[in-house]
Amino acid sequence: MRKTTRYPVSGPNSLWHVYKTVPFLKVIKNFIVIQTARYMPFLKAKNWMYRKLLKMKVGDQTSFALMVMLDIMFPEKIRVGKNSVIGYNTTILAHEYLIEEYRIGEIEIGDEVMIGANSTILPGVKIGDRAIVSAGTLVHKDVPAGYFVGGNPMQVIYTAEQMEERRKSEPSYVMDE
């Protein structure tokens, strides 16, 4: 189950109330930083921008691929552990504006997690250490550590135990230098 805080609104849909929930200048600054970082080819510089300018928690050696789209309104609610890969064009949302309410939730992505290209991670989700999310997945609930998940709706492909068995049974390849 996703962990979000719900805020009911009355009158127009909740997106019409956006600047009551987040300052306009913060959104403009975050937009500029995120759009710049989406095309940034230097991973260290990109991570610095996320940490210092957006107040995100980003672990060492984590890689955000080209075109990753972070939550523009609440990027500080996103935490990514060390040595993780966030695939091309992935979207990570810490908010959702609905008709009669909006919801905000923290995103926690563990260490050594692989998020495939074109995935979407919804607010209030926790992805455990060493989990794998296949390309094009809608992550709408927590992913346990070591699991391999995929699809829309997201489903378990392999449990942590099954993944360990697969690792043991597959041959290792070493790249020549």
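**Exercise 1.** Does Leu66 count as buried, partly exposed or exposed, and at what relative accessibility?

*Solution.* The model is a predicted one, in which local features need pLDDT of at least 70 and side-chain atom pairs count only at pLDDT 80 or more, while totals for chains, interfaces and linings use all residues. Residues are numbered from 1 along each chain as its sequence is written, and side-chain values use heavy atoms, with hydrogens and water left out. The classes are set as follows: buried means under 20% relative accessible area, exposed means over 50%, and partly exposed lies in between, with a 1.4 Å probe and protein chains only. Leu66 has a relative accessibility of 43%, so it counts as partly exposed.

**Exercise 2.** Place Leu66 in the fold and list its contacts.

*Solution.* Begin with the secondary structure, where helices (H or I, at least four residues) and strands (E, at least two) are DSSP runs numbered from the N terminus. Leu66 is found in the loop between strand 3 (63-64) and strand 4. Next, take contact as heavy atoms within 4.5 Å; leaving aside neighbours within four places in sequence, Leu66 touches Arg38, Tyr39, Lys46, Tyr88 and Asn89. Finally, the C-alpha atoms of Leu66 and Val156, which are 90 residues apart along the chain, are separated by 27 Å.

**Exercise 3.** Describe the largest nonpolar core and the surroundings of Ile121.

*Solution.* A nonpolar core is a set of buried Ala, Val, Leu, Ile, Met, Phe, Trp, Tyr and Cys residues joined through side-chain atoms within 4.5 Å. The largest one holds 41 residues, of which Phe64, Leu70, Ile109, Ile121 and Ile127 touch the most other members. Helix 2 gives the most to this core, with 4 residues. Turning to Ile121, and again leaving aside neighbours within four places in sequence, the contacts are Thr91, Ile92, Leu93, Ile107, Ile109, Ile115, Ile127 and Val139.

**Exercise 4.** Characterise the protein chain as a whole.

*Solution.* The secondary structure comes to 4 helices and 17 strands. The radius of gyration, taken over C-alpha atoms and compared with a globule rule of 2.2 Å times the number of residues to the power 0.38, is 17 Å, close to the 16 Å that the rule gives for 177 residues, so the chain is as compact as a globular protein of that length. Its C-alpha atoms fill a box of roughly 60 × 35 × 20 Å along the principal axes, and 41% of the 177 residues count as buried.
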